[in-house]
Every structure is written in C-alpha cells, then in structure tokens.
Amino acid sequence: MPTFQQDHIVLNYQVFGTGDTNIIAFHGFGKTSNDYAMFKEYFGAKYKVFAVDLFYHGKTKIDGRKIRAFSKQDLNTFFQAFIEHLGINKFEVMGYSMGGRVALFFLEQFASQIDKMYLLAPDGLKKEFWNWLVTNTKTGKNLYGFTIHHPAWVKTAVSAGKKFKMLPDKIDKFLDISFGTKGARLRVYRVWKLYKHIGFDVDALTTLAKSNQIQFEIVVGKKDPVVSPKLCQEFHKQIGENSKFHLIQAGHDLFKPHAIKYIGEKVL
C-alpha cells in the first residue's frame, strides 16, 4: 500500500477506481480505509479514490510523543504536502463520522480546490461537551483516566439515560466500539486530544461553500444515535441549492449493504 511520510507521521492510504475525478476519503472512528473498498464497483472508471488511514487507525503511524494535538496550521501544512504528493489540484472530499470532521477541515482550509463534498453522518458540526471537558480541563482528564481503567460507570450512566429517554436505545453499539476495550478507550482519548483545536464556525464554512460553488451530498441515518439528523439537515439548508440531503433508513453505521447500495446508486 502507498504511504506518505512527513515529520513524525507515516500516512497509509489506498487507491480505488481508475477515473479522472479524484476523491480524498476519510473513514470513521475504529474503522480504516478498507471501508471504502466496499464502494469499488461504484467508483469504477469514474472516480479515483484516495482512502486514508487516519491517525491512530489502520496502518498509519504517528509519534504521539512528538505530536499530542494538531494546530490548524500544523494540519494544513501536513495535508497540503499530502495533496502535492498525490499530484492533484482539484478534487472532491468524502468523510464519514470522525472522518467528516477532517472533511470539514479540508473545506475550511482548501475550499478553492474542492469541487464536491460527501458528508456521511459527519462529526464536527457542533462542539461536543464531553470532548471539550476531557481535552481541556484537569477534571475531565482525571475522569477519563478513571474511565479507561473502570468503564462500568459509563454503562450504568447510559442505562439510566436510556431509561429516562435522554439517550437513544441504539447508543450501545456505538459505545461498544468506542469504549468496549481498554485499547479503544485509550484511542478515544488520543484522538480527541489530537483534534482538540480542530473546530469550526459553521457560518464561515457555509460562506466558503457558497463562494466557491461547492456541491454537497449529505447523508445521515434516520435513527442515528450519534450524529443528529436535524443538525445535518440544518447545515444542508444553510448551504442552499448546491446541497442535496439524504435521510436514509439506517443508524450511524452507513457501511452496511443497503446503505452502501443507496450511496453508490443515489449519491455517487
């Protein structure tokens, strides 16, 4: 598999399709670039997709002793070099869940080079309280340090939240992926810490989208317990006529066969 190396990062990526339309694609938390292999039949001879293994995922290597949290300038410099490494100038961007935050970063930083955005249940459209608490306060860091070794209290809290209709019933599967093992809990903390400075002014993003005439395809599941369908729809409305909104019969996982078929046939 091809790699791109700069400073303290070795970025692994895969290439799918043989077309002239370039897409840079980012996966979700706990996933890898392999997810995009599921779309190979739809990429075909139309698209050439550069699917990235994000930091602390897949085969990408990052020296956490040297890089604890990206500044926006650091991340801009890294991805600008990566784009040059790929030898492309204009491209499209696809991001699912956590990868949606990286896709939105591309919108903020490289809008003039982007023709189209595919946002699949994207993270990053609002500031998450727990993310902020854990990465910006001593209390939050200590609480999460306790959680890494003693996760049972989270399940108890979630059960109570579901009982009182404060949390959706299908949140369990997401928590199993994110908190099910000690390794997963450590990765959550490292990823949250890494992106602690990567947040957005949504109004500024929509202004960039409009001024650069970027097309959008926004996809979210009706029963998504992680990313708010309403929030995604509001972002779609802000962008206006250049955006298409797809509310499909799914939860947060948009890499199941029926969702892949829908995205492949109706979105790509």
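Predicted model: local features only at pLDDT ≥ 70, side-chain atom pairs only at ≥ 80, totals over all residues.
Good morning. I begin with Phe 4, a buried residue with a relative accessible area of 8%; buried here means under 20% relative accessible area, exposed means over 50%, and partly exposed lies in between, with a 1.4 Å probe and protein chains only. Phe 82 is buried as well, at 0% relative accessibility.

Residues are numbered from 1 along each chain as its sequence is written, and side-chain values use heavy atoms, with hydrogens and water left out.

Let me turn to the aromatic rings. The structure holds 21 aromatic pairs. Rings of Phe, Tyr and Trp (for Trp, the six-membered ring) pair if their centres lie within 6.5 Å; planes under 30 degrees apart count as stacked, over 60 as edge-to-face, and the rest as tilted. Phe 4 and Phe 82 form a tilted pair, 5.7 Å centre to centre with 55° between the planes. This pair links distant parts of the chain, with Phe 4 in strand β1 (residues 3-6) and Phe 82 in helix α2 (residues 72-86), 78 residues apart. Helices (H or I, at least four residues) and strands (E, at least two) are DSSP runs numbered from the N terminus.

A second pair, Phe 91 with Phe 106, is edge-to-face, at 6.2 Å centre to centre and 75° between the planes. Phe 91 belongs to strand β6 (residues 91-96) and Phe 106 to helix α3, so their pairing ties together parts 15 residues apart in sequence. Both Phe 91 and Phe 106 are buried.

Phe 106 also brings us to the core. The largest nonpolar core has 79 residues, and Phe 106 is among those with the most contacts inside it, as are Ile 24, Tyr 36, Phe 55, Phe 79 and Phe 216. Such a core is a set of buried Ala, Val, Leu, Ile, Met, Phe, Trp, Tyr and Cys residues joined through side-chain atoms within 4.5 Å. Helix α3 (residues 98-110) supplies the largest share of this core, eight residues.

What does helix α3 meet in helix α9? Leu 104, Leu 107 and Glu 108 in α3 meet Leu 205, Leu 208 and Ala 209 in α9; contact means heavy atoms within 4.5 Å. The axes of α3 and α9 (residues 202-211) come within 9 Å and cross at roughly 60°. These axes are lines fitted to C-alpha atoms, for helices over the stretch in contact, and angles run from 0 to 180 degrees between N-to-C directions.

Also in helix α9 is Thr 206, which is buried at a relative accessible area of 6%. Leaving out residues up to four places away in sequence, Thr 206 touches Phe 235, Gln 238 and Ile 239.

Returning to strand β6, we find Tyr 96 there, buried with a relative accessible area of 4%. Its contacts beyond four places in sequence include Phe 26, His 27, Tyr 36, His 252 and Phe 255.

Finally, I turn to the backbone. Most residues other than glycine have a negative phi. Ser 97, in the loop between β6 and α3, has a positive phi of about 55°. Asp 7 likewise has a positive phi, near 55°, and lies in the loop between β1 and β2 (9-16). Is each of these residues buried or exposed? Ser 97 is buried, with a relative accessible area of 9%, whereas Asp 7 is exposed, at 67%.
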